Amino acid sequence: MIADDTIAAIATPPGVAAIAIVRISGPDARAIRSACFHARRDSHVSAGQLVRGSLREPDTGRSIDDALAVLFEAPRSYTGEDVVELHVHGGSGVVSAALAAVLRAGARLAQPGEFTRRAFLNGRMDLAQAESVADLIAAQTEASAKAAAVRLEGALGRSLRDMRTELMDRLVELEAHVDYPDEVPAPDAAQLARCVESQRLRIAALLAGSGAARVLRDGIDCVIAGPPNAGKSSLLNALVEAERVIVSEVPGTTRDVVEERLAVDGVVLRLRDTAGLRATRDAIEAEGVTRAREAIERAELVILVIDGSSPLRDDERAAIAATAQAPRIVLCNKSDLGDLGLRELRASVPDAVAENASSAFIAGSVRSADTIERIRAAISRLGWGGAALDANAALVANARQIEALSRARAALEHARATLENGLPLDLLSGDFGDAVAAYGEVTGETVTDEVLDGIFSRFCVGK
């Protein structure tokens, strides 16, 4: 349902800034602008033209700010409605007073994502594009921003709408033949098979790019683990190139999970330093060890740090066992101090030494720039294959889209089996209908209000 009221919100981040923007959208946007904003010159204001004037309280006329206003006319605005933006000075007091004036003039405070939701409901973008708006705002690297911008252009929606139209045409032919078999000939089975196979391959290609899209969108959850004094905190400091964590020779210095973020080849790495894995009677340290084990279980990648300058002890062997199930990089650290534990460590982690798809072995020192570069390369190889991620192929970016397209692929595979086995063509109707519905869920043609509520609730209020 398309709303008929007028909404407003602050569209810029909180805090002190040179400029802040109050955005207004809806049928009364122009009237609210007239009530609050008085241009310096009484003249016709063209759409898209910034005008300087005085922002005033609508009821008292008291001046709030020397501001700028701009009108974006429906239907060519972001939301498809009349949109007014008030550009005010960015102090929190001015911004809050400006929003209060707009609300007193008749606007309603917008809900999270309501501007973009109106853009979707008014046909200014499809649902996949709307989701990419939130991705673009949240992007933390240039690569993730580029991928979100590509999705915002609407390539996924255009492709799925074409496929949906093609499949709908075939479905109409099938159902017309079922309803009027004497008047409408049966569709050509070979032509149907070509259609099904073409769509199945296109869906497979989209899903194949979803891994890269997820990595660019969400990053990688990476945990640094190991026994006390192995060099875990020193590794985190070296990777982020700053003294973020206290480094000490006293065992048990790190007692909680410490998180930092850094970019590796354009991918955000959520890097967590954890308490040393060992048996302890200290209640606080024991809680830190418990949290470390929980972080290891959730991690997408573990960097296991072992002091290779000394023979392995029980703590080292326990840490090796605790990280055995996760994709991991095994770092034999402190090579500058000796290698008494190197041979035994190699024998204890043969999977990592073999450098397979889910593990790597590095002998070196976190004090060495070469070792840090090798770790970064291993993170890239294990986290996303080591290749540069193609933003243009990363069109399917979230679990909702993946789940819908996976159902579409399953329906098409079932349809292919029906055709290959020479079964009656009318059995294809259900599969085609399922695929059409799944396409519509991604683009928004068949989405429910409950799904929309969940999607747009994750947006910021001003977008």
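This is a predicted model: local features need pLDDT of at least 70, side-chain atom pairs count only at pLDDT 80 or more; totals for chains, interfaces and linings use all residues.

Reader: Which residues of α4 and α17 meet?

Author: From α4 come Leu 127, Ala 130 and Glu 131, and they meet Leu 452, Ile 455 and Phe 456 of α17. Sorted by class, this contact of α4 with α17 has 5 nonpolar, no polar and 1 charged residues. In general, an α-helix has 3.6 residues a turn, so residues three or four places apart point the same way.

Reader: What does Arg 117 touch?

Author: Arg 117 belongs to helix α3 (residues 114–121). Leaving aside residues up to four places away in sequence, Arg 117 touches Asp 449, Leu 452, Asp 453 and Phe 456. With Asp 453 there is a polar contact between the two side chains, at 2.6 Å.

Reader: How many aromatic pairs are found in the whole structure?

Author: The search finds 1 aromatic pair. Such a pair is described by the distance of the centres and the angle of the planes. Phe 456 and Phe 459 form a tilted pair, 5.2 Å centre to centre with 45 degrees between the planes. Both Phe 456 and Phe 459 are buried.

Reader: Is helix α9 mostly covered or mostly uncovered?

Author: Helix α9 (residues 232–240) is mostly covered, with 7 of its 9 residues buried. Among the buried residues of α9 are Lys 232, Leu 235, Asn 237 and Val 240. The elements covering them include β8 (220–225), β11 (301–307) and α14 (369–384). Just after α9, Glu 241 takes a positive phi of about 60 degrees.

Reader: Why does His 414 count as partly exposed?

Author: His 414 counts as partly exposed because its relative accessibility is 48%. His 414 is found in helix α15 (residues 399–420), and its side chain makes a polar contact of 2.8 Å with the side chain of Asp 431. Leu 427 is 13 residues from His 414 in sequence and 9.9 Å from His 414 in space, C-alpha to C-alpha.

Methods
Residues are numbered from 1 along each chain as its sequence is written. Side-chain values use heavy atoms; hydrogens and water are left out. Contact means heavy atoms within 4.5 Å. Helices (H or I, at least four residues) and strands (E, at least two) are DSSP runs, numbered from the N terminus. Ala, Val, Leu, Ile, Met, Phe, Trp, Tyr, Cys and Pro count as nonpolar, Asp, Glu, Lys and Arg as charged, and the others, Gly among them, as polar. Buried means under 20% relative accessible area, exposed over 50%, partly exposed in between (1.4 Å probe, protein chains only). A polar contact is a pair of N or O atoms within 3.5 Å; within protein, one must be able to donate a hydrogen and the other to accept it, and residues adjacent in sequence count only if both atoms are side-chain atoms. Rings of Phe, Tyr and Trp (its six-membered ring) pair if their centres lie within 6.5 Å; planes under 30 degrees apart count as stacked, over 60 as edge-to-face and the rest as tilted.
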